[in-house]
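The sequence and structure come first.

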Amino acid sequence: MNGFLNTLVDIFREPSVIIGLIALLGLVLQRKSASDTLKGTIKAFVGFLVLAAGAGVVSGALTPFGDMFQHAFDVQGVVPNNEAIVGTVLTDFGTQAALIFFFGMVVNVLLARFTRLKYIYMSGHVALYLAAMTAVILMANGFESWEAVLWGSLAQGIVTTVSPALVQPFMRKVTKQENVALGHTGNVGIATSGWVAKLTKGDAAKSTEDLKIPSGLGFLRDTTVVIALSMGVIYLLVTLIAGPGYVESELSGGQWFVIWAIMQAGMFAAGVTIILAGVRVVLAEIIPAFKGISQKLVPNAKPALDVPIVFTFAPNAVLIGFLASFAAGLIGMGVLAAVGGTIIIPGIVAHFMTGGASGVIGNAVGGRRGAVLGSIANGLLITFLPLLILPRLGDVGLANSTFSDADFGVAGFLVGNAANWGHVAVIVLVLGSLVGVLVGSALVDRREKRNNQSEDAGNDAAPEQETQPVS
């Protein structure tokens, strides 16, 4: 018996194995052929190993950068980057994160089935990152593994169900349809962009797409190029400030500091590219399997897809949003440096993805002004929100990276502070949120049913014109 239990522990300790099992379950339930089932399971398993390897490359590039930044400015520099910190989290809490990820998807489907929020969260990679954050917060605050999986899965399901609903009113303006939603951990910041664009009363008719961007800047639409160039500039600047002597004696092993800085930036970009390749392989197997299950269980479901789904609607807004969001991040970093304490260094990936989407949403609501101001709001959010969760990440929070997007900041702040108050506070928070979603959905259903009944009664009471016979 002990040998059997040890075997189970070994299986569920490896998140890559769990990911493979999830793919296997989905394919079997869809009655795929033995060949397709075997191929999909192995590709999901290997894809997750690729993802983990990329996270290791990114972490390796960020570690010396944090040391160099701290030496240069005599402060702690933290780079918000989901891939980097997830690599660290999965080392210690991979099993809990994988189980929260899986059961969180189940909760998402159940809530979508029995409430009005018909959103199936299809962005599996950021859902995994959210599960990793939830796992580390709960485990670092004294929860047992089963407790972390139970309450973490419920919290994950609630967040991934409610988050797309925040952006959906603005998504309609972008896509001009109702059958697709946005599923990303930057949704709070992206929705904030829409709200800011609406409040500032920009003119949606003055679209960013009427602007002409020089063809020479077209390379900025390539994620890998943007990351490599941006991190290259940042690495070189910080290297010069820290001093070539310090870099060559403490970090580069005697290698010329310029080449070392360029190599580190290239390694960072390569790590992100490896991660994205692994994510594509994993999602290509897991998401179709889970989507097939959800379509059978949830009528009228809307897929909540990753942020690139909106990029094609306003390519100029993507570039403007990225630059505005990144500029806001630099301003926020300057403010933090001026007041002292932990500095949040703008994370290139987060500002490109969420800033670009914020630009598209802001442009659809308020034109050019909305795209710029909305993206600035997003940039400020993802600069200051990470500060709220750093103290709740335990030893992981001592690393030179943290979770980047706005949803991490909001959800992590709520769950982290509740966990700090005690187990009961977490239970109250999760169950209270669950009841709020269910009751709110029921009330809306009742109101809509009452309105429909009133309309039907009004139609029935309308007097019919009678034709008088002619005598």
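Which residues does Phe322 touch, not counting residues up to four places away in sequence? They are Val226, Ser230, Ile348, His351, Phe352, Gly355 and Gly356. The model in which these contacts occur is predicted. Phe322 is located in helix α12. It counts as buried because its relative accessibility is 4%, and buried means under 20%. The C-alpha atoms of Phe322 and Gly359 are separated by 7.4 Å, although the two residues are 37 apart along the chain.

**The chain as a whole**

The protein chain has 471 residues, of which 52% count as buried. Its secondary structure consists of 15 helices and 6 strands. Of the contacts between residues at least 6 apart in sequence, 81% join residues at least 24 apart.

**Helix packing**

Two packed helices are described by the angle between their axes and the distance between the axes. Two helix pairs are taken up here.

Helix α12, residues 315-339, packs with helix α13, residues 348-389. The angle is about 40° and the axes are 8 Å apart. α12 is therefore oblique to α13. The residues of this contact comprise 19 nonpolar, 13 polar and no charged.

The second pair is helix α4, residues 82-114, with helix α5, residues 124-140. Their axes come within 7 Å and cross at roughly 80°. An angle from 65 to 115 degrees counts as roughly perpendicular, so this description applies to α4 and α5. On the α4 side, the contact is made by Asn82, Glu83, Val86, Val89, Phe93, Gln96, Ala97, Ile100 and Phe101. On the α5 side, the residues include Gly124, Ala127, Leu128, Tyr129 and Met139. By class, the contact of α4 with α5 has 14 nonpolar, 4 polar and 1 charged residues.

**Aromatic rings**

The count of aromatic pairs is 7. One of them is formed by Trp256 and Phe257, and this pair is edge-to-face. The ring centres are 6.2 Å apart and the planes are at 75°. Phe257, at 13% relative accessibility, counts as buried.

Ring pairs also link Phe322, Phe326 and Phe352 into a cluster. Phe352 is among the residues that Phe322 touches.

A charge is placed over a ring at Arg113 and Phe114. The charged end of Arg113 sits 5.3 Å from the centre of the Phe114 ring.

Gln168 lies in helix α6, residues 145-175. With a relative accessible area of 0%, Gln168 is buried. Apart from residues up to four places away in sequence, Gln168 touches Tyr119, Glu178, Val180, Ala181, Leu182 and Lys302.

Leu387 belongs to helix α13. Its relative accessible area is 25%, so Leu387 is partly exposed. Neighbours within four places in sequence left aside, Leu387 is in contact with Leu336, Thr342 and Ile344. Leu387 and Phe403 are 16 residues apart along the chain, and their C-alpha atoms are separated by 9.9 Å.

Where do Lys176 and Lys201 lie? Lys176 is in the loop between α6 and β3, the latter being 181-182. Lys201 is in the loop between α7 (187-199) and α8 (223-242). Lys176 has a positive phi although it is a residue other than glycine, and the phi of Lys201 is likewise positive. The values for the two residues are tabulated below.

| Residue | Phi | Relative accessible area |
|---|---|---|
| Lys176 | near 60° | 69%, exposed |
| Lys201 | about 55° | 68%, exposed |

Technical notes. Residues are numbered from 1 along each chain as its sequence is written. This is a predicted model: local features need pLDDT of at least 70, side-chain atom pairs count only at pLDDT 80 or more; totals for chains, interfaces and linings use all residues. Side-chain values use heavy atoms; hydrogens and water are left out. Axes are lines fitted to C-alpha atoms, for helices over the stretch in contact, and angles run from 0 to 180 degrees between N-to-C directions. Helices (H or I, at least four residues) and strands (E, at least two) are DSSP runs, numbered from the N terminus. Angles under 35 degrees count as roughly parallel, over 145 as roughly antiparallel, 65 to 115 as roughly perpendicular and the rest as oblique. Ala, Val, Leu, Ile, Met, Phe, Trp, Tyr, Cys and Pro count as nonpolar, Asp, Glu, Lys and Arg as charged, and the others, Gly among them, as polar. Rings of Phe, Tyr and Trp (its six-membered ring) pair if their centres lie within 6.5 Å; planes under 30 degrees apart count as stacked, over 60 as edge-to-face and the rest as tilted. Buried means under 20% relative accessible area, exposed over 50%, partly exposed in between (1.4 Å probe, protein chains only). A charge sits over a ring if NZ of Lys or CZ of Arg is within 6 Å of the ring centre and within 35 degrees of the ring normal. Contact means heavy atoms within 4.5 Å.
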